[in-house]
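Q: Please take a close look at a single part of this structure, for a reader who has not seen it before. A plain account is enough.

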Amino acid sequence: MKLLTDMHIHTVSSGHAYSTVDEIARFAGEKELKIIAITDHNSGLPGGAHDFHFHNLKAIPRQLYGVTVLRGMEANIIDFDGNIDATEDTLGGLDFTIASMHPPCLRFGDKEEVTRAMIGAMENPFVKILGHPGDDRYPFDHEAVVLAAKRTGTILEVNNASLKPGGFRPGVRENLISVLGLCKQYNVPVMANTDAHIAYAVGEFEESIRLFEEVDFPQELILNLHPERILDFIALKN
Ligand SMILES: [Zn+2]
Ligand SMILES: [Zn+2]
């Protein structure tokens, strides 16, 4: 299985990542990816990028080394209603936004709270991907969230960084096995992303592919295998 897209990548602008756009795009080109997205952390996370960073992303060429480059943000979910730490003015200029839960920005909640936060974030029309679900410290109702993803057209992420040996999100593998089973049952597409914080990790999907194969996940529902479908649900901005 060869995954062709990587829609969650951090540059030096995130404050704790180590590669430039050029280094990332060059690696993506060498790995023959079709689409990548630059999705730095928003400023709610210490070291995250300022609004001006997101407003100026149009400076990055759409094509680099044969790869289409999308402009995004990894926003922080900041409460259990699912609000995120970015204004519509900023979000409106991006191709898409990932919404994620990070401990400095949201305390660990119970299942009811986290489920409500995830669904609230997915109802935000700018949010197209729910970042790294499956962390045991943020437990959620798997079925309710899968059905909300289907209803809102939001993509649930299989986060490769979380699946790596020594990953710091407990329970991710087991939770994703359950989520993928429900996605299969309800015909809901998912996407694997590396969440790379350095160029060498871009397009490295070993753990995600192993998981897809282990649960016999339908290739039809793996968006990375269908780059043309990604450009259907994300409207590129000028
Ligand atoms: Zn994250
Ligand atoms: Zn990230």
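A: In this predicted model, Glu74 bridges the zinc ion (ligand 1) and the zinc ion (ligand 2), with 3.4 Å between the two ions. Glu74 belongs to strand β4 (residues 67-76), while His102, 28 residues away, sits in the loop between β5 and α4, so that the pair links distant parts of the chain. Glu74 and His102 are both buried (under 20% relative accessible area, with exposed over 50% and partly exposed in between, for a 1.4 Å probe and protein chains only). Donors are N, O and S atoms within 2.8 Å of the metal (3.2 Å for Na, K and Ca), and sites may look incomplete because water is not among the atoms.

Helix α4 covers residues 111-122; helices (H or I, at least four residues) and strands (E, at least two) are DSSP runs, numbered from the N terminus. At its start, a side-chain oxygen of Asp110 comes within 3.2 Å of the backbone nitrogen of Glu112. Nine of the twelve residues of α4 are buried, among them Val114, Met118 and Ile119. The buried residues of α4 pack against β5 (96-100), β6 (127-130), α5 (142-152) and β7 (155-159).

Residues are numbered from 1 along each chain as its sequence is written, and chains are lettered from A and ligands numbered from 1 in the order in which they are written. Local features need pLDDT of at least 70, side-chain atom pairs count only at pLDDT 80 or more, and totals for chains, interfaces and linings use all residues, while side-chain values use heavy atoms, with hydrogens and water left out.

Conventions:
The expected span of a helix is 1.5 Å times one less than its number of residues. Contact means heavy atoms within 4.5 Å. A polar contact is a pair of N or O atoms within 3.5 Å; within protein, one must be able to donate a hydrogen and the other to accept it, and residues adjacent in sequence count only if both atoms are side-chain atoms.
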